[in-house]
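The following exercises concern one protein chain and its fold. Please consult the sequence and the structure while working through each solution.

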Amino acid sequence: MSGGTGEVVPEAIVARLRPHARVLVFPSIALLAILAATGYFAGSFTPAWLNYVVLAASALLVVVLFLVPLIGWLGRSYTITTRRIVLRSGILVRTRQELLH
């Protein structure tokens, strides 16, 4: 892009955005429910191995129902510049898409 006198106008970042945080509502509710159930059931069984099963199951549920969606949300971003829109997604494998104005 050039100005009226022939000089090149540099690209400027207008905004850096993420998807709306409302996608984390269900994972947050699931986290609270898992922690409440773990607090209620942990230590209430006579055989010690059942208490360990409760803790392991709750840790697995926290990872699957809360951490995976959170990391997925953190891995997606949008950048709007004066010349293009850049969409980035992914954690281990980054994907970048550009849409020119």
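Helices (H or I, at least four residues) and strands (E, at least two) are DSSP runs, numbered from the N terminus. The model is a predicted one, in which local features need pLDDT of at least 70, side-chain atom pairs count only at pLDDT 80 or more, and totals for chains, interfaces and linings use all residues. Residues are numbered from 1 along each chain as its sequence is written, and side-chain values use heavy atoms, with hydrogens and water left out.

**Exercise 1.** Determine where leucine 87 lies and whether leucine 87 is buried, partly exposed or exposed.

Solution. Step one: leucine 87 belongs to strand 3, which covers residues 84–89. Step two: buried means under 20% relative accessible area, exposed over 50%, and partly exposed in between (1.4 Å probe, protein chains only). Because its relative accessibility is 30%, leucine 87 counts as partly exposed. Step three: contact means heavy atoms within 4.5 Å. Not counting residues up to four places away in sequence, leucine 87 touches Ser77, Tyr78, Thr95, Arg96 and Gln97.

**Exercise 2.** Carry out the corresponding analysis for arginine 16.

Solution. Step one: arginine 16 is placed in strand 1, residues 13–17. Step two: its relative accessibility is 63%, so arginine 16 counts as exposed. Step three: neighbours within four places in sequence aside, arginine 16 contacts Tyr78 and Thr79. Step four: 70 residues separate arginine 16 from valine 86 along the chain, and their C-alpha atoms are 9.5 Å apart.

**Exercise 3.** Describe the span and the bend of helix 2.

Solution. Step one: helix 2 runs over residues 48–74 and has 27 residues. Step two: the expected span of a helix is 1.5 Å times one less than its number of residues. From first C-alpha to last, helix 2 reaches 38 Å, close to the expected 39 Å. Step three: the bend at a residue is the angle between axes fitted to the seven residues ending there and the seven starting there. At leucine 67, helix 2 bends by about 35 degrees, and proline 69 follows within four residues.

**Exercise 4.** Which residues of helix 2 are buried, and what does their cover include?

Solution. Step one: the buried residues are Asn51, Val54, Ser58, Val62, Phe66 and Trp73. Step two: their cover includes helix 1 (25–41). Step three: asparagine 51 counts as buried because its relative accessible area is 14%. Leaving aside neighbours within four places in sequence, asparagine 51 contacts Phe41, Ala42, Gly43, Ser44 and Phe45. Step four: leucine 70 also lies in helix 2, but counts as partly exposed at 22% relative accessibility.

**Exercise 5.** Characterise the packing of helix 1 and helix 2.

Solution. Step one: axes are lines fitted to C-alpha atoms, for helices over the stretch in contact, and angles run from 0 to 180 degrees between N-to-C directions. The two helices pack at about 170 degrees, with axes 9 Å apart. Step two: angles over 145 degrees count as roughly antiparallel, under 35 as roughly parallel, 65 to 115 as roughly perpendicular and the rest as oblique. Helix 1 and helix 2 are therefore roughly antiparallel to each other. Step three: the contact residues include Leu31 and Ile34 of helix 1, and Val54 and Leu61 of helix 2.
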